[in-house]
Amino acid sequence: MALDEYTSNRDLIGRDDVNDLEAILAITNTDVDEVIHTVKDNADAIFTWDYEKGARPALNKLYEKAKHAQWNGETDLPWDTEVDLMKNAELSRLQFQELRQDVSGTPFEKFTDDDWDRFSIETDNWTLSQFMHGEQGALLCTAKIVETVPWIDAKYYAATQVMDEARHVEVFAKYLDEKHEGHYPINAHLKMLLDDIINDSRWDMTYLGMQIMVEGLALAAFGFMQQMTPDPLLKQLLRYVMADEARHVAFGVLSLKEYYGELTGPEIRERQEFAFEAAIRMRDRFMQQEVWDRMGIRPKDVLPLILQDEGRAMFQQMLFSKIVPNCRKLGLLDAGDGWLRERFTEMGVIAFEHWEDTGEEYEKLQVVEQAS
Ligand SMILES: [Fe+2]
Ligand SMILES: [Fe+2]
């Protein structure tokens, strides 16, 4: 197949140049006051009459682990901890450190130290808010997988993940409510991605979008915040969530590894394109346009500066450190003519391809004592 027969960037992500800032910023969340958001999930609910438990031993093992790994967000976390939001915002502060070095002639010229402090706390709030919204996306996606996946071992496992995700939404919502002042609405790019994942009728696309891409990125992002935060409550909350997320990503890797073996070249190509689209949506989200708006700065005045910031670029690339090895393990990097490898190379994230994949990482991250 020649390159021009492939789907164009415009078809995949709505613009020719992936770095077209105006096109990125033109996507905004216009329904910030809506309470209910409806998406068509276009899927058949599938019964299976094959109840043989353990026909897929790796999924069965994951299911047995998950049954023992349940925790209670209300009682297992130290909610009475006094949280110092300023101290907590260290990671957000570090991300923008270079930007602060030379502010003459930039929109930050008039920023006082107080403004920077407020900006760091807002960035934290925004980040946690997007985690919370993403967790709800995971809750819905995984409930959908329970219905649509044809394998009994996968239905069993997905049912445990649904419970995990309910707990994750619950603890992020509680943290934002009790320790921060309110939360941000969902970012427009994240919303678009979650809508696309839910909207797709094919059961394996739910896995690819959620378990591999969204949760792969979340696992890396939670890891950074978990290491950096001095807040014992948030540290423990993230540690518990990460233990679950590592299993969820493993669920995606193990399920798709089997299923992709049955797909044709053009079908795999569609999966590569979907992975690329998801990667771009997630990268667009990092521009946190809603925070700039709230700080009274026009995003388009500041984003060119942020895009030049090498430290920040490196931080963002690190967020792909789980996704790329998992795509490699699934054979998505090099299928066909290596189209996805090329895209990940352009995004500056291909260097992670030989990092550890997440098929087994959950063994290391478990936090709840195993009974057996
Ligand atoms: Fe989650
Ligand atoms: Fe998850």
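A residue counts as buried when its relative accessible area is under 20%. Glutamate 165 has a relative accessibility of 0%, so it is buried. This comes from a predicted model. Keep glutamate 165 in view, because it coordinates both the iron ion (ligand 1) and the iron ion (ligand 2). The two ions lie 2.9 Å apart.

Start with the iron ion (ligand 1). Its protein donors are Glu135 (OE), Glu165 (OE), His168 (ND1) and Glu245 (OE). They sit at 1.9 to 2.2 Å. Along the chain, these donors follow the spacing E-x29-E-x2-H-x76-E. Glutamate 135 belongs to helix α7 (residues 113–148), and glutamate 245 to helix α11. The pair therefore ties together parts that are 110 residues apart in sequence. Both glutamate 135 and glutamate 245 are buried.

What angles do the four donor atoms around the iron ion (ligand 1) subtend? They run from 86 to 144 degrees, which makes the arrangement irregular. A tetrahedral site would need all angles between 85 and 135 degrees.

Now turn to the iron ion (ligand 2). Glu165 (OE), Glu215 (OE), Glu245 (OE) and His248 (ND1) are its protein donors, 1.8 to 2.1 Å away. The angles here span 90 to 168 degrees, so this arrangement is irregular too. In sequence, the donor residues are spaced E-x49-E-x29-E-x2-H. Glutamate 165 lies in helix α8 (residues 152–179), while glutamate 245 lies in helix α11 (residues 232–260). This pair therefore joins parts that are 80 residues apart in sequence. Glutamate 245 has a relative accessible area of 1%, so it counts as buried.

Notes
Residues are numbered from 1 along each chain as its sequence is written. Chains are lettered from A and ligands numbered from 1 in the order in which they are written. This is a predicted model: local features need pLDDT of at least 70, side-chain atom pairs count only at pLDDT 80 or more; totals for chains, interfaces and linings use all residues. Side-chain values use heavy atoms; hydrogens and water are left out. Donors are N, O and S atoms within 2.8 Å of the metal (3.2 Å for Na, K and Ca); water is not among the atoms, so sites may look incomplete. Four donors count as tetrahedral if all angles lie between 85 and 135 degrees; four count as square planar and six as octahedral if opposite donors are over 155 degrees apart and all others between 65 and 115; anything else is irregular. Helices (H or I, at least four residues) and strands (E, at least two) are DSSP runs, numbered from the N terminus. Buried means under 20% relative accessible area, exposed over 50%, partly exposed in between (1.4 Å probe, protein chains only).
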